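Reader: I would like to learn how to read a few features of a model. Can you take me through one, step by step?
Author: Gladly. Here is the model.

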Amino acid sequence: MVGFGKKLRELQIQEWKGYYINYKLMKKKVKRYIEQMEVGAQNRHNVLRDFSMLLDNQIEKIVLFLLEQQGVLAHRLADIGQELHTLFQQPNSLNISELQEAYRDVGGDLLRLLNFVEMNAIGLRKILKKIDKRFGYKFTDYYVKTRANHPYSQLRQVFRHVGIGAVVGVLSHGLADLQDLQQCQGSYISIYDQPSYTHQDPVLDSIKVAVDRLSNSTNFLQFLGRHAFIMQEELPSPSEDHTVDERYHFMSLLLNLASTFLYMVNTYIIVPTADSYTLSLGAAASVCGVVIGTMAVAQVFSSVYFSAWSNRSYLRPLVFSSIVLLVGNTLYALAFDMNSIVVLLMGRLFCGLGSARAVNRRYISDCVPLKLRMQASAGFVSASALGMACGPALACLLQTNFRIYRFTMNQDTLPGWVMALAWLVYLLWLWICFKEPAHEDQGNLVLYQADTGPAVHVAVENEHTQPLLMNSEAKEQDEDGEEENDNAEETKKPVTSIVVAYKLLTPSVKVQLFVYFMLKYAMEIVLAESSLITEYYFIWSTSNVSIFLACLGLTVLPVNIVVGNFISNMFEERQVLLTSEIMVCIGLLLSFHIMIPYSVTQYVGSALITFVSAEVLEGVNLSLLSKMMSSRLSRGTFNGALLSTEAGTLARVIADGTITISGYFSESKLLNATLLPALLICISSIIATCYSYNSLY
């Protein structure tokens, strides 16, 4: 994997070389500060002051050059505008074409300027993250708090690119006027009077993409894709994407999405009937928490070995997963006729051991080209959401009771039989149609780029070529004769255990993982105990519970459309994050049963607020995690996606255990007993988010 320092040198515009952030100098300063602090030659106060001054000077250099270039572009646009005014008096097709090319030339230079700003913004974010990690205190929090909110903030000029929008507006207006003049011969249509009137031009389209990426603006597809924790590269390499293009196979991608869908159906199809199943086997209804949670317990371990296995193959782990899930669902269905709660739990345990979601994510990251990766990521999340809705809906359709030979077919066993059949069909489809991508060699490590901007990417690092890159780097000497190693951090070997991975987490990343834990805990409480709560308070049938859960699942896509297309473009991610946490807290508070009779309206309304808010929170949370994680956690088995998956799975395990324990002591107090820890965790996450708020800038 090529380090950021090397990419900065390769991709920077040479005539602007002196105006980019001096990433090499900043890294040297960080290293020198650490050495001085170790021998007592520096204290933290001086480091804070000196490095702040250095950063201020770097940002000032960038901003002044940015303003200068904006002035040059504005002057060129003013000259072209005068020619356009003259052209309106005497239209000439040749002059129209010349002015269109002149506008496009300005657009091309604006694209270069946007690239300049983006590379500097990435460099600033990386160096702030590096100093937080090395010094062990929140320098970013201090720096952002004192600089970003100042009325004369230069930092805001870099991250908010003030003034560029005006240049884009003049370009759009001018090209639209020329097109109107060329096609309509004077029938003037203003883009301001008629906002729906848009001029399509490749330069404007490229500028829009660059501005959206730089401003972290989003749309439904991008926002949905964030839930998959699969994003695109900050500075993509064409050679890397060419390699991925050769490995792409549409049917194989479709099979991975089908696996994701079926697994989510498998997870939630038993939720409406889990309590009645445990009762029929002689156990308490609250044991349904253990039945549901057993799958999550197994998934804690399966995520790790599937993540490691996908380093070498995609087909074999998917085949293994399908077989294990086939066996697990068969055991789940047979438990009724065997009258054994142990067999029931074993069946769910096998289902959890067959969780191949790590392989599905990995395939999208490794084998789908960059231009399609966001769509594939959104497909992954959509398949998950659809499976979450279809599982309970399918359970609603299985309300019957008959026998085939010695096997009972009823609402409790049919989910197992149906899913066993589904996995058998899937296994045959997989074996016939899946195309195993070529792995370059066993030394290849898949890299999940975790500290990216708004969108997740993957690159491939070859063990045999890496020493050549390192030797090439080592040949470059800095002014003091020290060896430069711009990608020292990036070229370290991937972490070998989850304990080592945890040690690499900064305080801000830990807070975001805790937020992810909280939202998964809250969602699991709402979903897993729904059959118990609704039966106790409202005497709902299995069909009613199934419809309720299916409706919750169906809210995922509409909510993400609203958030992705509107809310995320209006507010910063950290603002959406904090607001969503507060809404989850409000939803939990409204769910408590205190004094007044508990009504269907109160339960459904509060569950909807909690679930929807948690869904919004998940997308923003994973997006922020992707920006802040260390590059060492961007690749290998113990990557950032695995850590977030483990945090969420652990939350589900604890939530299901809480339901079982609370229901064992008193079913009448089950609701409040399970909501109280969820509320405390939620309040803790809000406090932690406020504490790290400025580091999320």
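Author: This model is predicted. Start with Y521. Leaving aside residues up to four places away in sequence, Y521 touches A651, I654, A655, T658, T674, P677, A678 and I681.

Reader: Which residues touch the most other members of the largest nonpolar core?
Author: The general idea first. In soluble globular proteins, nonpolar side chains tend to be buried together. Here the largest nonpolar core has 124 residues. Y426, L430, F434 and Y521 touch the most other members.

Reader: Which helix gives this core its largest share?
Author: Helix α21, residues 507-528, contributes 15 residues, the largest share.

Reader: What does the second core include?
Author: That core is separate and has 54 residues. I59, L175, V203 and I207 are among them.

Reader: Is D105 buried, partly exposed or exposed?
Author: Compare its relative accessibility with the cut-offs. Buried means under 20%, exposed means over 50%, and partly exposed is in between. D105 has 46%, so D105 counts as partly exposed.

Reader: And S530, buried or exposed?
Author: S530 has a relative accessible area of 0%, so S530 is buried. S530 is found in helix α22, residues 530-538. Its contacts, not counting residues up to four places away in sequence, are V271, V545, F548, L549 and Y603.

Reader: Next, backbone angles. Where is I539, and what is its phi?
Author: I539 sits in the loop between α22 and α23 (542-554). Its phi is near 55°, a positive value in a residue other than glycine. The relative accessibility of I539 is 72%, so I539 counts as exposed.

Reader: What is phi of N339?
Author: Phi of N339 is near 50°. That too is a positive value in a residue other than glycine. N339 is placed in the loop between α14 (315-338) and α15 (341-353).

Reader: Now helix packing. At what angle do helix α2 and helix α3 pack?
Author: Two packed helices are described by the angle between their axes and the distance between the axes. For helix α2 (residues 23-38) and helix α3 (residues 44-89), the angle is about 175° and the axes are 11 Å apart. An angle over 145 degrees counts as roughly antiparallel. Therefore α2 is roughly antiparallel to α3.

Reader: Which residues in α2 meet α3?
Author: From α2 come L25, M26, K29, V30, Y33 and M37. They meet R44, V47, D50, F51, L54, L55 and Q58 in α3.

Reader: At what angle do helix α24 and helix α26 cross?
Author: The axes of helix α24 (residues 556-570) and helix α26 (residues 600-628) cross at roughly 55°. They come within 10 Å. The two helices are therefore oblique to each other. The crossing of α24 past α26 is right-handed. On the α24 side, V556, V559, N560 and V563 make the contact.

Reader: Last, cysteines. How many disulfides are found in the whole structure?
Author: A disulfide is a covalent bond between the sulfur atoms of two cysteines. A search of the whole structure finds 0.

Reader: Are C351 and C551 buried or partly exposed?
Author: C351 counts as buried, at 1% relative accessibility. C551 counts as partly exposed, at 43%.

Conventions. Residues are numbered from 1 along each chain as its sequence is written. This is a predicted model: local features need pLDDT of at least 70, side-chain atom pairs count only at pLDDT 80 or more; totals for chains, interfaces and linings use all residues. Side-chain values use heavy atoms; hydrogens and water are left out. A disulfide is a pair of cysteine sulfur atoms within 2.5 Å. Buried means under 20% relative accessible area, exposed over 50%, partly exposed in between (1.4 Å probe, protein chains only). A nonpolar core is a set of buried Ala, Val, Leu, Ile, Met, Phe, Trp, Tyr and Cys residues joined through side-chain atoms within 4.5 Å. Helices (H or I, at least four residues) and strands (E, at least two) are DSSP runs, numbered from the N terminus. Contact means heavy atoms within 4.5 Å. Axes are lines fitted to C-alpha atoms, for helices over the stretch in contact, and angles run from 0 to 180 degrees between N-to-C directions. Angles under 35 degrees count as roughly parallel, over 145 as roughly antiparallel, 65 to 115 as roughly perpendicular and the rest as oblique. A crossing is left-handed if the near helix is turned anticlockwise from the far one by less than a right angle, and right-handed if clockwise.
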